[in-house]
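Please view the sequence and the structure together before reading on.

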Amino acid sequence: MSRVVLIGSQWGDEGKGKVTDFLGQQADVVVRSQGGNNAGHTIIIGEEKFALQTIPSGIFNPKIKNVLANGMVINPKRALEELKNLEKRGITDYQLFISNRAHVIMPYHLDMDGAYEKFKGDNKIGTTKKGIGPCYSDKSNRIGIRMGDLVEPISLRDALENALPIKNMELESLGLKPYNFRELYEEYVEIGKKFAPFVCDTSELLQEEIEKNSNILFEGAQGTMLCLDHGTYPYVTSSSPTAASVPVNAGVPPQAIDHVVGICKAYTTRVGEGPFATELKNHLGDLIRERGHEYGTVTKRPRRVGYLDLVVVNYAKRISGIDSLALMLLDVLTGIDELKICVGYKLDGKRINTIPATLRDYSRCEPIYIDLPSWKEDITNVTNYDELPANAKNYVETIEKVTGIPVDIISIGAERNSTIIRRNIFKI
């Protein structure tokens with residue numbers, strides 16, 4: 001049995017949803033440990049397509065325990081909507097556990113998120129305006145409301161009495177309407193009643209599963225380059241989506257993690273502002289965007305597209321200790337004549353092999369490319385690695401050579417079975 005962490009090795013949107021769904025079928029427990037409903041996982045099961053934002057991907061299997069851990073920030077209204085939508089589509093038999101230490105996204109967090117972006121003008125971050133950042137700020141400022149408070153009316157009253165006067169002053173300073181304590185309190189008491197069956201100490205639950213030697217999958221949200229500490233700050237998310245963050249965000253010891261899988265697109269994308277060394281602002285970028293359906297699961301925004309950047313992947317390897325790569329959307333590159341991979345940067349005439357800390361330096365980096373031969377053959381029906389065209393295998397093996405990480409999973413289509421498994425992750 002094994003405990004596996006899945007992380008995004010780029011700027012998010014790497015296709016983690018498919019891998020979490022695929023590996024989740026072998027798991028006893030699937031855990032979301034950070035972020036909120038700013039993350040989107042697209043799951044395709046047969047002819048049906050599901051877009052998850054808060055709920056873990058194991059929700060489709062009634063035997064799997066799904067955990068929203070303490071490092072998350074949860075919008076209870078949106079989570080209820082997501083559950084209702086799943087139930088309308090026949091997903092009614094599930095196990096869901098929500099940490100009593102996870103923080104609650106309140107309506108004023110959404111108001112403030114939008115206002116901050118507006119006031120920043122040209123310096124806006126490009127957030128999803130879901131209230132994620134303001135909620136994490138309140139967590140750090142010790143005026144947050146947690147799920148344990150939400151389901152206990154007296155605790156909710158005390159927490160809201162502590163937070164709301166401060167939040168109302170902030171809202172009014174931004175030219176926004178303050179909230180009425182009684183109305184907000186009564187609304188969220190009723191919401192809390194609906195969550196009471198799910199809220200518990202998930203750290204204790206996970207420790208029990210570790211002692212039972214269960215297969216546990218920690219599914220990532222966002223990607224390494226959006227890490228609050230190690231990403232392209234300030235164009236980052238409000239938490240750390242690295243493997244190193246999983247123990248503190250899930251309440252498990254570091255030694256509980258056995259294996260880290262980095263999810264990596266066969267090219268690179270990012271959403272929002274910030275440097276992007278290999279970005280393709282031309283017809284090829286447009287072509288890859290349309291082929292790969294590169295539009296945000298949550299925002300529907302078109303993603304920026306570029307050549308595969310292995311400086312980014314190697315940086316993620318250093319930060320998270322990646323043991324395996326899952327290479328996604330390789331089929332999108334079929335027939336692309338101008339195949340390149342970035343293997344280093346040139347900054348002020350010198351080669352570097354890491355990500356500069358400042359935006360000024362990173363925006364001046366020039367990619368160092370190697371050219372690779374393309375393939376024309378359709379690979380979407382390939383069932384094992386040996387059946388891939390020679391040039392497709394060369395592309396995969398070049399990634400392995402430059403990163404030193406084995407590519408153990410290759411996705412060649414959206415469906416579950418459009419996946420080549422070179423090693424069973426849970427048995428490594």
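## Charges over aromatic rings

A charge is taken to sit over a ring if NZ of Lys or CZ of Arg is within 6 Å of the ring centre and within 35 degrees of the ring normal. R89 meets this description with F50, lying over the ring face at 4.0 Å from the ring centre. R422 lies over the face of Y385, at 3.8 Å from the ring centre.

## Basis of the values

The model is predicted; local features need pLDDT of at least 70 and side-chain atom pairs count only at pLDDT 80 or more, whereas totals for chains, interfaces and linings use all residues. Residues are numbered from 1 along each chain as its sequence is written, and side-chain values use heavy atoms, with hydrogens and water left out.

## Aromatic pairs

The whole structure holds 7 aromatic pairs. Rings of Phe, Tyr and Trp (its six-membered ring) pair if their centres lie within 6.5 Å; planes under 30 degrees apart count as stacked, over 60 as edge-to-face and the rest as tilted. The pair of Y307 and Y369 is edge-to-face, because the ring centres are 5.3 Å apart and the planes stand at 75 degrees. Y307 lies in the loop between strand 13 (304–306) and strand 14 (308–309) and Y369 in strand 18 (residues 366–372), so the pair ties together parts that are 62 residues apart in sequence. Helices (H or I, at least four residues) and strands (E, at least two) are DSSP runs, numbered from the N terminus. Y307 is buried at 8% relative accessibility, while Y369 is partly exposed at 28%. Buried means under 20% relative accessible area, exposed over 50%, and partly exposed in between (1.4 Å probe, protein chains only).

W375 and Y395 also form an edge-to-face pair, at 6.0 Å centre to centre and with 70 degrees between the planes. W375 lies in the loop between strand 18 and helix 13 (390–403) and Y395 in helix 13, so this pair ties together parts that are 20 residues apart in sequence. W375 is buried, with a relative accessible area of 1%, and Y395 is buried with a value of 1%.

## The second largest pocket

Among the residues that line the second largest pocket are F50 and R89. Helix 2 (76–88) and strand 4 (48–52) each supply at least two residues of the lining, and helix 2 gives the most, with 5 residues.

Methods
On a 1 Å grid over the protein atoms alone, a cavity is a set of points where a 1.4 Å probe fits but cannot get out, and a pocket is an open set with protein on both sides within 12 Å along at least five of seven lines; lining residues have an atom within 4 Å of a point.
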